[in-house]
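The following exercises are to be worked with the sequence and the model at hand. Each task is followed by a solution in steps.

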Amino acid sequence: MDTTAADPAGGHPLLAAKLSVPVIRTPVVGRPRLIELVSHGVEGPLTVVSGAAGAGKTLLLASWTAEGSAPGPVAWVTLDSFDDQPGVFWAYVIEALRRAGVELEDVGHPFVAESVARPLLARVADSLARRSTPVVLVLDQLDVLGHRQIREDIDFVLHAAAPMLRLVLLTRNDGPLPLHRYELRGELERIRDADLAFTAEEAADLLRQHGIRLTPRGLASLTENTRGWAAGLRLSAVAMQRQADPDGFAAALPHAGGTLARYLVDEVLDAQPDEIREFLLRTCIVDRLCPTLADLLTGRSDGEDALAALRRANVLIEELDQAPGCYRYHPLFTHVLRRELLRRSPDLVGELHRRASGWFEQAGLLVEAVGHATAAGDWQLATASLVRGLGLGALLAGRQRSQLDSALAGLPEAEPGAMPAVVRAARAMTRFELDVSRDQLALAEKLADEEPEAHRAPLLASAAVLRSILARTAGDPVAAEASLADGEAQLARVPALAAQHPELRALLLSNVGTVQLWTGRLDAAERTLRAGLAASAGAGCEYPRLNILGRLALVEFMRGHLRRAAQLGEEEVAFAEENGLPPANRTGAGHLVLAMVAMERSDRETARRQVEDAGRAVYAQHDPFVSLFVPLMRAWQHADGRDPRRALEGLAHVPATVGGQPLPGWLRVWVALSAAAFRLARRDPAGAAAELDGVAEQGAALTVGRAAVLFAAGEPARATELLAPVLATVEPAAEPADAVARVEAWLLTARIRMAAGDRTAAREALRRALSAARPEERRRPFMAAGPVVRELLRSDADLAAAHRWLGPPLVDPAAAAPRTGTAAPAPAPVEALTERELTVLARLAQAMSNEDIAQDLFLSVNTVKTHVRGIYRKLGVSRRNEAVRRARELGLLGSA
């Protein structure tokens, strides 16, 4: 196992070798006919080099690259079966492009193996398409990938990045793409087995490099028997170096693959001295081999010299380009060696895998460590490697989650010990099997004292993270904060290891901050989440960082700070998009906050779309905030659509408990106020009063709600009396949530005064409400207040002009214009809009979201936002509807 999706940009040198053009260190046979075919192929979008293993595909492209005839930078990815997941595959492609010097705008690394959102691929394609020179992307060993989504995504990027992406596929078959479409359009160059086969003259050149000269007849026999297969010729050359009669060997050599494998055993393996043969057999169990690993597997101390000697002797071994001193055997030779090891020393195989597991654990390559341990059937070692290396965070929320979970899929339920128990608890947690996770976690903590002292800190730190997740699902602040204290204490005992795995502390802080927020402790939640944000800056922390951004957005929303809430929500969504995370794999919280802000600003379409995105998150039903607020928001959408009956029905989908516990008081208030508002909309003040009577909590919001019920019941005097303390609060000293209630209180006062015929007092109350709502542009209360607001604004053009941010239908732009007798023409833009800005503006007029525009134009969301900001600045506006209205006034769009 040589691949990981943890962080392609860093890690062990073995991981970097797959992202570079192979360096040719030995003389090669000049094959200008093939070089010309490749050069012709990369003039178009797609070149497929297909041939059997060992046909020379990789060497051909490496030779072509070395000649310097590429039309631009060459990015190279050598694939293996562990890359057959969209997130892993595209993480490597993106990193390979960057290593080749390609700048990718607003593109991160996918951090979920299972999927990649199409907007990320659109941004990759957009960055490539806007280049002045083409990029050649070589995908070596593409045949190991079978995932259908990867095939579709490659096809999408190749089409969208045209003509600046030139794709070269090296594969044992014709590749996964719909090649017939490219062939019909004349956009495909094929280089097949027959092209790759060596001619007799080329075979003679190869043999001369090995010091072998055959007669014309012998050369013809060898070429015929090998069918010009490059690997067969090379293997034969190695074997003939020890033959007294090379021509006789060539004539007798059959071309069947199985017999050739037998020759590898007889003429290569068994021809070695005993100590070299033993070295080869003991080291073949790993795909990549470093000297220290070789020493560990063989029990010798000369691994570096032995590997270098094998390379000099051409014993089917090559040095890794990005890991000098490390090597790999020829794939066919590796297969033969492993088969022979199993035949000759079956009892040794498990021990060698165990040794390899220990080496990879020390190197910090936990996927490889766990994989070799499971290959040995040693579940104690597999689980201990993961836990001792603080790899539980990667299993819970890292890019390697899918790989680790697959490697541990066979973990027996009856495997004893604390390490297997805590791993079973983590795997159950990823499947939301909370009871199983809770039981296994209790077992692991019970058995912790049986572990060696050095292993207890990683074990107990891992257990603390799992307990924090359980506390989060139950909304238990005491358990959550206890898990944070325990976890940080244990991590402090292994500081070096903890520094390499910041995701564990980030997970702890994320979970605890979420529980503090759930219980309404906003200040404590913000402190914890801010600490988590600082801790989650590194690779592997992407999931907790997403969660933290979403929770901080909720904190700001609950404080009444719509702008800050929207900014943090957009930051979470943008972070997810930049890293290719589809809505189904996000937390849902960022979309939820954006929906709540949009609803407060009466942007119903944006609210609807964001609620749907929040509800699509796989984890939404297990997140107390999202699972509660999504149905609550949908109910409010019905209410805003003047359908209070469906709004009340929608409240039935709001859970009454979370984790078996009742909702915290502040949430019960929100639900009760919503139910009361819906009943008032149905002219049922008695029902509304009943909804509020069941709430024991106090606060400005409830006071305003009860006053609204009294007014609807025909008791305006009592309502006014109830509102007096809220209205008397000095604004700077008011709690943020109370400031929101003050908007509602002044609006209700305006309605009460209008009902009493006191238009002057009503206008003043409305002015106070508008003044309080303007900083955050909170439109919804005014839309919901009924005809009173529109009537007062229509009768006071100055008040309407001062609050044009309300927009239609509350404020008519013409009516709100200064009363000069003649309407002033719309001011021209301070600067002409660019062609791209006009294109984006046209889509704004179609009510398309920034995300939809980005996907439609193959741009990043941040690029769209930049264009939108430019449009606002040039048109002198601050809102989307104002931009569209101003553009129509200036003739930049069609008439309304």
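**Exercise 1. Two packed helices**

At roughly what angle do the axes of helix H31 (residues 562–578) and helix H32 (residues 589–600) cross, and within what distance do they come? State also the hand of the crossing and the composition of the contact.

*Solution.* The model is a predicted one.

Step 1. Two packed helices are described by the angle between their axes and the distance between the axes.

Step 2. For H31 and H32 the axes come within 8 Å and cross at roughly 145 degrees. The crossing of H31 past H32 is left-handed.

Step 3. On the H31 side, the contact is made by Leu-562, Ala-565, Ala-566, Gly-569, Glu-570, Glu-572 and Val-573. On the H32 side, these residues meet Ala-589, Gly-590, His-591, Val-593, Leu-594, Val-597 and Glu-600. By class, the residues of this contact comprise eight nonpolar, three polar and three charged.

**Exercise 2. The surroundings of a helix**

Why is helix H20 (residues 379–388) described as largely enclosed by the rest of the structure? Identify what covers the helix and describe both of its ends.

*Solution.* 

Step 1. Eight of the 10 residues of H20 are buried, and the helix is therefore largely enclosed by the rest of the structure. The buried residues are Trp-379, Leu-381, Ala-382, Thr-383, Ala-384, Ser-385, Leu-386 and Val-387.

Step 2. The cover over these buried residues includes helix H18 (346–362), helix H19 (366–375), helix H21 (392–397), helix H22 (401–407), helix H23 (418–430) and helix H25 (453–474).

Step 3. At the start of H20, a side-chain oxygen of Asp-378 comes to within 3.3 Å of the backbone nitrogen of Gln-380. After H20 comes Leu-390, with a positive phi near 55 degrees.

**Exercise 3. A histidine distant in sequence**

How many residues separate His-501 and Gly-389 in sequence, and how far apart are their C-alpha atoms in space? Describe the setting of His-501.

*Solution.* 

Step 1. His-501 belongs to the loop between helix H27 (495–500) and helix H28 (503–518). With 16% relative accessibility, His-501 counts as buried.

Step 2. His-501 and Gly-389 are 112 residues apart in sequence, while their C-alpha atoms are 8.7 Å apart.

Step 3. Neighbours within four places in sequence aside, His-501 is in contact with Leu-366, Gly-389 and Leu-390. A polar atom of the His-501 side chain lies 3.4 Å from the backbone oxygen of Leu-390.

**Exercise 4. Cysteines**

Which two cysteines form a disulfide?

*Solution.* 

Step 1. A disulfide is a covalent bond between the sulfur atoms of two cysteines. The cut-off applied to the sulfur atoms is a separation within 2.5 Å. The count comes to one disulfide.

Step 2. The partners are Cys-290 and Cys-326, with their sulfur atoms 2.3 Å apart. The link is right-handed, with 105 degrees about the S-S bond.

Step 3. The pair joins distant parts of the chain, 36 residues apart. Cys-290 is in the loop between helix H14 (274–283) and helix H15 (291–298), and Cys-326 is in the loop between strand E6 (317–319) and strand E7 (327–329). Cys-290 is buried at a relative accessible area of 5%, and Cys-326 is buried at 8% relative accessibility.

Step 4. Cys-284 takes part in no disulfide; the nearest cysteine sulfur belongs to Cys-290 and is 16 Å away. Cys-284 is buried, at 0% relative accessibility. Cys-541 is also buried, with a relative accessible area of 0%.

Key. Residues numbered from 1 in each chain as written. Predicted model: local features only at pLDDT ≥ 70, side-chain atom pairs only at ≥ 80, totals over all residues. Heavy atoms only, no water. Axes fitted to C-alpha atoms, helices over the stretch in contact; angles between N-to-C directions. Helix = DSSP H or I, 4+ residues; strand = E, 2+ residues; numbered from the N terminus. Left-handed = near helix turned anticlockwise from the far one by under 90°. Contact = heavy atoms within 4.5 Å. Nonpolar A, V, L, I, M, F, W, Y, C, P; charged D, E, K, R; others polar. Buried < 20%, exposed > 50% of the residue type's maximum accessible area, 1.4 Å probe, protein only. Polar contact = N/O pair within 3.5 Å; in protein donor to acceptor, adjacent residues only side chain to side chain.
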